[in-house]
Amino acid sequence: MKKRIIFAIFGILLFSGAMHAQGIGVVSRTAIYQSMPTFIKDLKMIDSLQSTFSMEIQKENLRLQDRVRTLLTAYNPKDDESMEAIKKRMSPKDTLALKVAFDEDLALEKKKKGYDTRLERLQKEKVEPVLKSIDEAIKKVAQGANLDVVYFIEDVNTSMAYFNEKKNFTSQVIAALKAK
């Protein structure tokens, strides 16, 4: 009797495990993105702009820091000396030059915020709608295939010892995206 109960429990566990395994699928983020050349182009454009903006801001920031350092070095500031104390010892010409550098720093901060706003807008206009349509296509395919879970293969492939290609739904997702 005990053997039957143990076999029954083992069979139920095995069957339920197999049932859960049936509801899992994967898709390739890379293949999906590659099937959308405009999306790849937009991602590269945003990345390029971000890099250009970042380099420009960094270069300007370093230039301003060098100007301020050069101005202040002439007055041998002490470690614990405040900026106000140093300004009191500075010539009117150097004080004005320091103020101009600080004003330029504020303008640079505004410029950086403008760049950030532009990048966020591009993200919302170009990237987010595509990611939403990809999510919708994945959901549609998953529901049609009666899947409980769909993983991006790039996120889980390093931990997989075996993978059944029948569980790869990438081509169906790409077809669903193209059908839109």
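This is a predicted model: local features need pLDDT of at least 70, side-chain atom pairs count only at pLDDT 80 or more; totals for chains, interfaces and linings use all residues.

Biologist: Fine. How many helices and strands are there in the protein chain?

Modeller: The protein chain has 7 helices and 2 strands. Along the sequence they come in the pattern α-β-α-α-α-α-β-α-α.

Biologist: And what share of the residues counts as buried?

Modeller: Of the 180 residues in the protein chain, 25% are buried. The chain exposes about 13,200 Å², and 59% of that comes from carbon and sulfur atoms.

Biologist: Now the rings. How many aromatic pairs are there?

Modeller: The structure has 2 aromatic pairs. In one of them, the ring centres of Tyr-33 and Phe-39 are 5.0 Å apart and the planes meet at 70°.

Biologist: Why is that pair called edge-to-face?

Modeller: Because the angle between the planes of Tyr-33 and Phe-39 is 70°, and over 60 degrees counts as edge-to-face.

Biologist: Is Phe-39 buried or exposed?

Modeller: Phe-39 is buried, because its relative accessible area is 3% and the limit for buried is under 20%.

Biologist: And how are Phe-53 and Tyr-115 arranged?

Modeller: Phe-53 and Tyr-115 are stacked, with 3.8 Å from centre to centre and 5° between the planes. This pair links distant parts of the chain, since Phe-53 is in helix α3 (residues 37–73) and Tyr-115 is in helix α5 (residues 92–144), 62 residues apart. Both Phe-53 and Tyr-115 are buried.

Biologist: Which ring does the charged end of Arg-29 sit over?

Modeller: The ring of Phe-152; the charged end of Arg-29 is 4.2 Å from the centre of that ring.

Biologist: Last topic, the leucine. Where is Leu-98?

Modeller: Leu-98 is in helix α5. Leu-98 counts as buried because its relative accessibility is 0%.

Biologist: What does Leu-98 touch, leaving out residues up to four places away in sequence?

Modeller: On that count Leu-98 touches Val-68, Leu-71, Leu-72, Met-83, Lys-87 and Met-90.

Definitions and conventions
Residues are numbered from 1 along each chain as its sequence is written. Side-chain values use heavy atoms; hydrogens and water are left out. Rings of Phe, Tyr and Trp (its six-membered ring) pair if their centres lie within 6.5 Å; planes under 30 degrees apart count as stacked, over 60 as edge-to-face and the rest as tilted. Buried means under 20% relative accessible area, exposed over 50%, partly exposed in between (1.4 Å probe, protein chains only). Helices (H or I, at least four residues) and strands (E, at least two) are DSSP runs, numbered from the N terminus. A charge sits over a ring if NZ of Lys or CZ of Arg is within 6 Å of the ring centre and within 35 degrees of the ring normal. Accessible areas come from the Shrake-Rupley method with a 1.4 Å probe; for residues, only the protein chains shown count as cover. Contact means heavy atoms within 4.5 Å.
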